[in-house]
Amino acid sequence: MQADRATRGSPEDRDTAPEESGALSRLAVRMATFSEKWFPEAFIFALIALIVVAGSALAIGASPASVTREFGNGFWDLIPFTMQMAFVAIGGYVVATAPVARRLIVRIASIPTSGPRAVALITIVSTVSALFNWGFSLIFAGLLAREVARREELRVDYRAAGAAAFMGMGSVWALGISSSAAQLQANADSIPSNLMPITGVIPFRDTIFLWQSLLVAAVLIVVVVSVAYFSAPRGKQVRSAADLGVDLDSDEDEKLPPRSRPGEWLEYSPLLTVLVVALGVGWAIQTFAGEDPLVAISGLNTYNLLFLLLGMLLHWRPRSFLTAVAKGVPATSGVLIQFPIYAAIAAVLTRPTNGAGNSVADYVTQAFTSLSSAAPFPLVVAVYSAVLGFFIPSGGGKWLIEAPYVMDAANELEANLGWTVQVYNVAETLPNLINPFWMLPLLGILQLRARHVVGFTFLQLLFLAPVALTLLTVLSYSLGYAPPAIP
């Protein structure tokens, strides 16, 4: 493979003229330098947020006993989700490092002819794939960034490439079929009993498949790719993976050593792999026959099991599969230690109340709801959702907190319910660009810290936020109100 890389991108096939840094590129480098110097480790960032939220709860009159109780009780609330996210990283890594998938990644990585074009290509792959499944986008784009960075002749800035791999999660994923809020609202069995009378069932055709929603997704992708290309460092400003101390050869293909004892026969035989995958195929047939395939594939449990089974099949031999798993596990370390902190933040934000029965989240809600008389409703919902999303970075879980009062207000103001869901979807992705929560699996694969990529993602936020808020507000006037469709 090393020989193959040495022959790619010959002078006849790629641009050889050096590119000069533009204003946006210089700004990105300054922001990246600032974030690398001042942005704390993601774990420190989470601890600070927890202390701020706990202090806010005490400030509104919640008792110290209730704050500390909810901290401890809420700490483990996300354990199932934590394991799901860990397996997103492991399953994606196992599949993407299988020989056939690696060849695909290598092939895609051979396309760009310059560093900025490589960053733009990674952004396109990340954003488009995120519309179908955010988990696959996160892992595949991350491994593509690593592969592109191996092409030393391109002079790719590894920080910009890493940020590009995250842009699906930072821009459009919630406008796609794996949107937690849209999925929940489209399935009567998933909607809580207290929410059904307010929203009814809202099918995909009234959320992610609205032409307004598709237009927003297309515009945001164009903006993200353009910013990624023009902000990618050039020339002497480039910092390669080697400059950042990243070993890109750690996931190289390794041939299995020959069997040394009879007991290893099953480890090297595909027999067990075939039998287990056969069981998985039977399960998959029943799963997809029993519900909407788009809903089934977007569930994390379904997604993770399919990826693990696919990884077993692609690696063929159990020993090869286990080797890939062992290499993928380190990418989950940040997830395992930090997600419980975010669970505690969500608990302290929403549960401890003062004498009036209000939590910190209630006061935040009241503050932004009061603005609805002075600003367009979609803009208020978007700003509020983005602010709350900074502290509760969980699409589906946060929607359950917001939906009752947000959708009730939408009914009172006769705002389109499906579009309100989409406003939430767009707005809740924006904090991802500066909150390391969703970056953790990707950062583990890239062997980077949040501070390495936040300078580039924050620059994206400066462009995305005004464009997104404007589109959400203007397009809302093209949609009428319809009462909740209650089955």
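Student: Is serine 35 buried or exposed?
Tutor: The model is a predicted one, in which local features need pLDDT of at least 70, side-chain atom pairs count only at pLDDT 80 or more, and totals for chains, interfaces and linings use all residues. Residues are numbered from 1 along each chain as its sequence is written, and side-chain values use heavy atoms, leaving out hydrogens and water. Buried means under 20% relative accessible area, exposed over 50%, and partly exposed in between (1.4 Å probe, protein chains only). Because its relative accessibility is 5%, serine 35 counts as buried.

Student: Which backbone nitrogen lies 3.3 Å from a polar atom of the side chain of serine 35?
Tutor: A polar atom of the serine 35 side chain lies 2.9 Å from the backbone oxygen of alanine 32. Serine 35 also touches Arg451, Val454 and Gly455, not counting residues up to four places away in sequence; touching means heavy atoms within 4.5 Å. The backbone nitrogen at 3.3 Å is that of glycine 455.

Student: How are α3 and α18 oriented to each other?
Tutor: The axes, lines fitted to C-alpha atoms over the stretch in contact, belong to α3 (residues 42–59) and α18 (residues 333–350) and come within 9 Å, crossing at roughly 15°. Angles under 35 degrees count as roughly parallel, over 145 as roughly antiparallel, 65 to 115 as roughly perpendicular and the rest as oblique. The two helices, α3 and α18, are therefore roughly parallel.

Technical notes. Polar contact = N/O pair within 3.5 Å; in protein donor to acceptor, adjacent residues only side chain to side chain. Axes fitted to C-alpha atoms, helices over the stretch in contact; angles between N-to-C directions. Helix = DSSP H or I, 4+ residues; strand = E, 2+ residues; numbered from the N terminus.
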